[in-house]
Amino acid sequence: MTDTSFSSLNLPTSMLSNLSDLGYNEMTPIQAQSLPFALEGKDLIAKAKTGSGKTAAFAIGLLLNLNQRDFGTQALVLCPTRELSTQVAKEIRRLARFKNNIKVVTLSGGQPVGPQIGSLEHGAHIIVGTPGRIQDLIRKGKLHLERCTTVVLDEADRMLDMGFYEQIEGIIDYTPKKRQTLLFSATYPEGIQKLSADLQTDPIEVTVESLH
Ligand code: ADP
Ligand code: MG
C-alpha cells in the first residue's frame, strides 16, 4: 500500500504541524495523487468530485512556493461563484497558518468593488475570485498579474457552464507564459480539453473515482 500520510511528502515541519492541528493526518485520494506533482511545479488536470479535498491539493503547493517578501500577486485561484471563492479563501487561510502574514484577498462579483480595490492597495500574495470581477480589476489597473506564476482553475467545468471561457483566457493572458496552471474539474467535457490545450504545458492527468 502507498503511504498517504502528509509526512511522506517532503514538507517543512511547520506545514506538517499545522496540518496536524487542522486534524489532517492522511491525504485524501486527490491530495495523494496531486500533491507530488503540484509540489514539483507540474501542470495538472485533476478530476475529482466536490468534497474530495481539492483545495489543499493545490493550496499546499502554492503556499510553499510563495516568496513572502514579495507582495505582488504570485498565485491566482479562479472559482465559479462568490460562495466558492469565500470557501476556498477560508481554507487557504487555514492552511497558511504555518507562516505569519500570508495575505489572501477575495475578489468576487456581487459585492462593492471599492473595498476590494482598497484591499489590494498594499498587495496580496494570493488572490481568489470569480472571473468577471477579476477581469474588471485588471482592466481598471488595480490588479497586476505579471508575477503571478501559479494559476488554479477550480471547478473549471462549472466556470465553463457559466460562460467564463473567454474571460478565463483573457485573464491568463496577463500572467507570465512560464507558470504553473492547475485545473480542477468534476467532469472532463470538450471545453475543458480545449482550455487545457490553450493554457497548460504537458499536464499530468489524475482522476479520483467517486466512492458513491
Ligand atoms: P472540494 O474542493 O473537493 O469540494 P474541500 O477542499 O472544500 O473539497 O474540502 C472538503 C472538506 O474536507 C473541508 O472541510 C476540508 O477541511 C476537509 N479536508 C480536506 N483535506 C482533508 C484531509 N486531508 N483530512 C481531513 N479533512 C480534510
Ligand atoms: Mg472546492
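These legends walk through several close-up views of a predicted model.

In this predicted model, local features need pLDDT of at least 70 and side-chain atom pairs count only at pLDDT 80 or more, while totals for chains, interfaces and linings use all residues. Residues are numbered from 1 along each chain as its sequence is written, and chains are lettered from A and ligands numbered from 1 in the order in which they are written.

**View 1. The seven-strand sheet.** Start with the open sheet, whose seven strands come in the order E3-E4-E2-E5-E6-E1-E7 with parallel pairing. At the edges sit E3 and strand E7 (204–207), each of which pairs on one side only. From one strand to the next, the twist averages 15°. Here's the naming rule: helices (H or I, at least four residues) and strands (E, at least two) are DSSP runs, numbered from the N terminus. Two strands pair if DSSP finds at least two bridges between them. For angles, axes are lines fitted to C-alpha atoms, for helices over the stretch in contact, and the values run from 0 to 180 degrees between N-to-C directions.

View 2. How many of the six residues of strand E6 (residues 180–185) are buried? Six of the six are, so E6 is largely enclosed by the rest of the structure. A residue counts as buried if 20 or more other C-beta atoms lie within 10 Å of its own, as exposed if 12 or fewer do, and as partly exposed in between, with C-beta atoms placed from the backbone. Gln 180, Leu 182 and Phe 184 point one way from E6, Thr 181, Leu 183 and Ser 185 point the other way, and all are buried. Strand E1 (residues 44–47) pairs with E6 in the parallel sense over four bridges, and Lys 47 has Ser 185 in E6 as its bridge partner. Strand E5 (residues 150–153) also runs parallel to E6, joined by four bridges. There, look for Val 151 opposite Thr 181 in E6.

**View 3. Strand E4, covered on both faces.** Which residues cover the two sides of strand E4 (residues 126–129)? Ile 126 and Val 128 lie on one side, Ile 127 and Gly 129 lie on the other, and all are buried. Strand E2 (residues 75–78) pairs with E4 in the parallel sense over four bridges, with Ala 75 standing opposite Ile 126. Strand E3 (residues 104–107) pairs with E4 in the parallel sense over four bridges too, and here Val 105 stands opposite Ile 127.

**View 4. The E1 and E7 pair.** Strands E1 and E7 run parallel and are joined by four bridges. To find your way around, pick out Ile 45, whose bridge partner in E7 is Glu 205.

**View 5. What surrounds ligand 1.** Ligand 1 has 14 residues around it, and the closest are Tyr 24, Thr 50, Gly 53, Lys 54 and Thr 55. A residue is near a molecule or strand if its C-beta atom, placed from the backbone, lies within 6 Å of it. Helix H3 (residues 54–64) supplies the largest share of this shell, three residues. By type, the shell holds three nonpolar, eight polar and three charged residues. In that tally, Ala, Val, Leu, Ile, Met, Phe, Trp, Tyr, Cys and Pro count as nonpolar, Asp, Glu, Lys and Arg as charged, and the others, Gly among them, as polar.

**View 6. Two helix pairs.** Helix H2 (residues 29–40) packs against H3 at an angle of about 20°, with their axes 9 Å apart. H2 and H3 are therefore roughly parallel to each other. Angles under 35 degrees count as roughly parallel, over 145 as roughly antiparallel, 65 to 115 as roughly perpendicular and the rest as oblique. Now find helix H8 (residues 165–172) and helix H9 (residues 190–199), whose axes come within 11 Å and cross at roughly 15°. H8 and H9 are therefore roughly parallel to each other as well.

View 7. Most residues other than glycine have a negative phi. Asn 101, in the loop between helix H4 (82–95) and E3, has a positive phi near 60°. Asn 101 is exposed, with 8 other C-beta atoms within 10 Å. Asp 202 lies in the loop between H9 and E7, and its phi is positive too, near 40°. Why is Asp 202 called exposed? Because Asp 202 has 6 other C-beta atoms within 10 Å.
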